[in-house]
Structures are given as C-alpha cells and as structure tokens.
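Open the model in your viewer and keep the selection panel at hand.

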Amino acid sequence: MNARRQPLIMVAPAAALLCGVALLPVLAAIWISLHRSILVFQERRFLGLSNYQFLLGDERFWSALATTAWFTAVAVAAELILGLWVALLLQRGGGIFRAAILLPWAIPTAVSARLWAWLFNADYGLLHRLVPGIDWLGSPRAALHAAILVDVWKTTPFVALILLAGLQAIPEEVVKAARVDGARPFRLFLSITLPLLRPAILLALLFRTLDAFRVFDAIYVLTEGGPANSTETLSIYAFKTLMRSGDFGYGSALSVATFACVLVLGLGFLRVLGTRR
Amino acid sequence: MPCAPPNEQTPCLPTSRETICTHHTTVRATCVLLLCAAACSRTRAPADAPLTVVFRHQPLWADPAAFQTFLARFHGENPGVQVRAETLPNGSDIAREMFVSALEGGADDFDVFAIDVIWAPEFARAGWLADLSAFFPQQGLRAQFLPAAAEAASLEGRTYAVPWFVDVGLLYYRKDLVPRAPRTYAELERFARAAMERQPGVAGFLWQGRQYEGLNCNFFEAGWGHGAPQAPEGKILLTTAAAEAGLRWLRGTLDSGLSPRSVLSSAEEETRRAFQDGRAVFLRNWPYVWAQVQAPGSPVRGKVGFAPLPTATGEPGAGALGGWLLAVNAHAPEARRRAAVRLVSYLTSHAAELELALHYSRLPARRAVYDDPRLREEAPFIAALFPLAATALPRPVTPWYALAGDDIQGELSAAVAGLRSAGEALGRAQRFVDHLEER
C-alpha cells in the first residue's frame, strides 16, 4: 500500500505545478473565449460558442492558419536537412566549430530579427544588393520566406546539436561491422546512420514543429504581420486581437484554436515517438 | 506605491568587501525601517507628509535635465506635493498595452499620464480618464488649443484630457533638386521625374507603406488630399470615392516608379535615413525629421525645405494629427487627484509648452505659444509650422478606432501591395469596422 502511494506523493508537487501553470490558464482561456469581452469598454457577457462560429467563417483566421502551416513545414524541413548536414560535418570537426555554430541560437530572437531586417532593407540591405530582384519584406510573397530564412538561420544550430548527440550515440561496432561487410559511405548513411538516428530526428522534429507553429517574435519584429497580413501567423493574429484591439473574447478563441492545433500535432508526434523506441 | 523601493534610499552602495561587512547591518536596518514605513503609510499617512503624484510618460529624448528643472519649479510653487516622473518604453503600442492592463485592473499607482491622441476617446469611454470639464471647460479648451488637438481630448462635449504637444504629417523636399514645393500631386510627380532624370539613382517620393499605424496616417492624408470629408464624430467612414482615389494614388506611386518598392516595408526611420542620405527628392514624415536632416554632418543639411502636403486641387493639404495628451487617472484618490489636476494645468501651460518646444522640438498644442517671441527667435522652424499644425486633421475620433485600426492596416497594406483593388480593400475594411461596431 505504502509502496504504491509513495510514487504518487513524489509526483504530486510536479503535477500540482503543471496544473497551476499549464492547465488552469488553458481552462481560463477557454472560459473567456465563450464571452464577448472587450476590455476597454468593460463589456463582458456570455455568448456561448458564437466566437467559434465567427472563427469558422473568418477568412483572416484561415489565412493565418495556412501561413502558420506553410511556415512550419518549410522552416522545419529546411532546418532538419541543414541540421543533419551540419551535424555530420561537426561529428568530424573540433570543439571550436561546435561552439561557434551555436552563436545564432544564442542571440535573442528580437535582436537577430532586427539585424536581419537591416540585411533585408530595400535601400541598404546586403541581401538586397546581392539579389536586387527580390523585395524581401515588401512583397507579400517574399516576406514570409524572409521570415522562414531568419528562423532557419537561428534554429539550424539547435537541430544540429540534437542530431549530433544522436550521432554520437550510435555504437561504433555497428558502423565497423558494416564497413567490414563492405558498405560504402552512402549505403552506410542510409542503412545504419539514418535508422539509428530516427529517435533523435523525431525529437528534433517534435521540438521544432511545436516551436515553429507558435512563431511570434521573429515575424513581429520583421514585419508585424504585413504586408497585407501575408506573414500573419496564428500567434500574431491572436496577439493583435488580444493586446491591440483588446477583444479578449475573440482573442482567446484564437488562442484556444492555436492550442488545439498544437495539441493535435503534439499528440501525433508522441504516438509516433512512443510506438517505435 | 506610496513609498520608494528600498534600493533607492539605501544610504550608499558598498564598494568593496570591507564595506559590505560594515554596511551590512545598516542596510538591513534600513530595509526593516523602510518596510515598516511602507506598511504604515498604507494605512495612515501623516498629514504633513508630502503628497506624491506619479506622472507616467514616454521618453522625451534629448537631455532630461531641462524637463527636470521644470518639474522642480512645480515643487517650488506647490510645497507639499512631490512629482515622481516615470518613463515608459518608447514604443507607443507597448505603452498602450501597459496602460490598458494597468487601468483595467483598477491601478491607482499613477495619477497623471500621457496618452496618444488616438487612444483618448477609447480610454474616456472605458471610464479610465477623470472628467476634467470643471477645470478645463470645453469652450476654453477649444479657444486656447489647436482645434484637432482639442477635438481629440474631448468626447461627447466633455473634457477628458489636455493637449500636451502635437505632431503633424508634412512634406520635405530637396531645395537643390526642385524649383519649389509642389502644390498638387501632378506637380509633385512632374518635379520628381525631372529631378530623377537629372540625378539617376534618386527616388522620387518616400512615404510609409509598412503595415502599421503610419500607413493609416498616409492613407487618411491622401484621402483628404483628394477631397475626402472628415467623418462625422464617432464614425469611421472609409468607402468614399475620395478615400478610394487617395488609396489608388498611393498605390500608383509604386506602379509608376515614383516611389521605390522599399516604401512597402518602410516606417518613419527607414524613409528618414534614405532621404537624409540624399537618396530621395520628396519625403512625407513628421516634424522630428527636421532636426535630423539639419544636424551638422547630415549630407543634405541646408538643402531641405518643408511644406504642407500636396492635394489634388492645389490647396495646402492637411496633415494627420499625432501627439500626446495629459490625462488624470480616474482611479486616483481624491486628495491626489486635485494635485494631479494642478500638475496637468502646469505642464500644459504656455511656459511649459514653450519649454518643451525649445528643448525637445515638440510642437506646442497651445496656439499662443507659436507667437511667443522666444519661440520665433530660438526655434523658427517650429513657429513656421503653425499653419500646418492649425489645419491638421485627426484620424477618426471614435472609441472604436484603436480596435479597428488593426483591420484597416491589413486591408490598406493589401491595397498598396497590389493584392486587391483600392475599392475592394476599403469595402472589406469597412465591413470589419461595421461588424465591430454592431457586435
């Protein structure tokens, strides 16, 4: 009896903490999202699901969702490919490179986004001089990809580091055995490295997808969601509705929708991670 | 908060290991005393203790000493009242978020605060601003201050704030590249083209087309320039033919190459830098640009002129009104509120607004300051801006503006980026606004 209760007691503080800082705020947001609550007019009345009904027909929401999905898919794919390449290089290289490559990850996002905004600047920007045809932040099509570029630049080192750890966990004997059997480097990579790296890749994918889905700071500093809302992600839309417009009811509905998307993504990943390990 | 945080009054900071030891007890004792004082003053303040009025405002830039001296004079005239000035972050959106969350929570730890002209109706309607009509009657307010600033400070015939200083959109031009300031849009384009031909690599007309509040200002100015009427008080009216013509004109500057595409990602500073580097003929911006382009070392120093914005007909164009008002926190307790009103009246006095103009290049909101001989002597640029400041127009004065501004920005951005026609974008924006007002 005691042996059974002990683990519960041990877990209780952590569970209580999680409840307090994660579950309660989510429930509160859901509760607010059922109201019309405009802060400045001190207006608050119960609406039921009508905020969600409006959300379903809200073009801006769907476009923000599409923007977020595109941002996440492209950024995470690029980060994984580049990160894997960097990790493979780092596996051979010395410590100084490992430290140096973390630099973009160490710079606060707001600062690096500001830096990139100047690189993209259509009058002075270095990138603009190198590729004069592209109006990085001013054209609705390019702006989102500019933001993706910044995100890839910043988080590739993080992915590389996770994958590097995965690479180093691959037992030496397996690699040697494969070599003895006459496997060429490419074959070795496909049949040995990649399958054994799978847990690390899935972990990096999980972290990055959930993170990229909530992207806020880089885009906020670069474009504030413009031009023409083409870089507006769910987080930016929710922030603007909450903090700029002060419409807490609908803003909370947007936050809850974002949360639901992230929850679905996270559960999906956990399933994949959990089954094969 | 009735009492300063302990670290402000700790007698001296330890400088070495020895002093840490020797000061340790003193510091601890002081802390205990301060805690006690804080606890006591929460319950009952001694009658003769100075009343502390907290004043929150955005940074004025330049040297704070001049402003401090000025506040010190207030202390001299009002013994028993202490003013503590607290500076907010510069970003106006961030300042607004701070005020909204503080005031919503019923905060009474500040008494006087500076608000952007576009927040005033919203804050007033929310019941966060003390009604100042008894101290600053409407009639006097409208007689003494610039009309648009007085308008912004009022809601439904009551006074909720007092204008502190104003900002107005205007046109800068290169005196060495064009014969004179253009009066019409056609003239602006003709002058710019001629100059661009003579000096390849120079852009024609810079304005602010990034998706943010500055784009709204540029849009309203272009609409007024094409004859858009002021919306009736309390309304946001976007779907007029003139507003559409204005938006189409803004978009046209990009299509025709009069403005570079960099305009689409530019806020004030990006355009100011390009203009200051001599890379543009015309620039629409605020008065602060003048001090920068005329500063020693500026490549265009002495080559810049300013004028009202052009219009379709050639009448001097109206600039958008920006600027700040002083308001009193409705939650402030009665005793402090009286002192707060005195502070507002002191800070918006003729002398104070003159001081602000001389030391910080802020445009006075009081008409009479523009005729002050000292201003004419020491800051002729500001004195010369009077006609522009007097005819500046406010963005729609309605409690809904701050809520609607965001949707309007997105649609305007779509129009200037060429994603939607001007008419379609304005129609969509109007639907958002109407939906907001109805809901």
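Select helix α6 (residues 109–120) and helix α8 (residues 140–168), both of chain A: they pack at an angle of about 130°, and their axes are 11 Å apart. Axes here are lines fitted to C-alpha atoms, for helices over the stretch in contact, with angles from 0 to 180 degrees between N-to-C directions. Helices (H or I, at least four residues) and strands (E, at least two) are DSSP runs, numbered from the N terminus. This is a predicted model, in which local features need pLDDT of at least 70, side-chain atom pairs count only at pLDDT 80 or more, and totals for chains, interfaces and linings use all residues. Residues are numbered from 1 along each chain as its sequence is written, while chains are lettered from A and ligands numbered from 1 in the order in which they are written.

Next, show the residues between the two helices. A:Thr109, A:Ser112, A:Ala113, A:Trp116 and A:Phe120 of α6(A) meet A:Ala146, A:Val150 and A:Lys154 of α8(A); contact means C-beta atoms, placed from the backbone, within 7 Å.

Move to B:Phe205, located in strand β8 (residues 203–206) of chain B. B:Phe205 counts as buried because it has 26 C-beta neighbours inside 10 Å (buried is 20 or more, exposed 12 or fewer, partly exposed in between). Leaving out residues up to four places away in sequence, B:Phe205 touches B:Leu188, B:Ala192, B:Thr253, B:Leu258, B:Ser259, B:Val281 and B:Phe282.

Finally, select the interface, where 24 residues of chain A are in contact with 27 residues of chain B. Helix α12 (residues 234–244) of chain A supplies the largest share of the chain A side, three residues.
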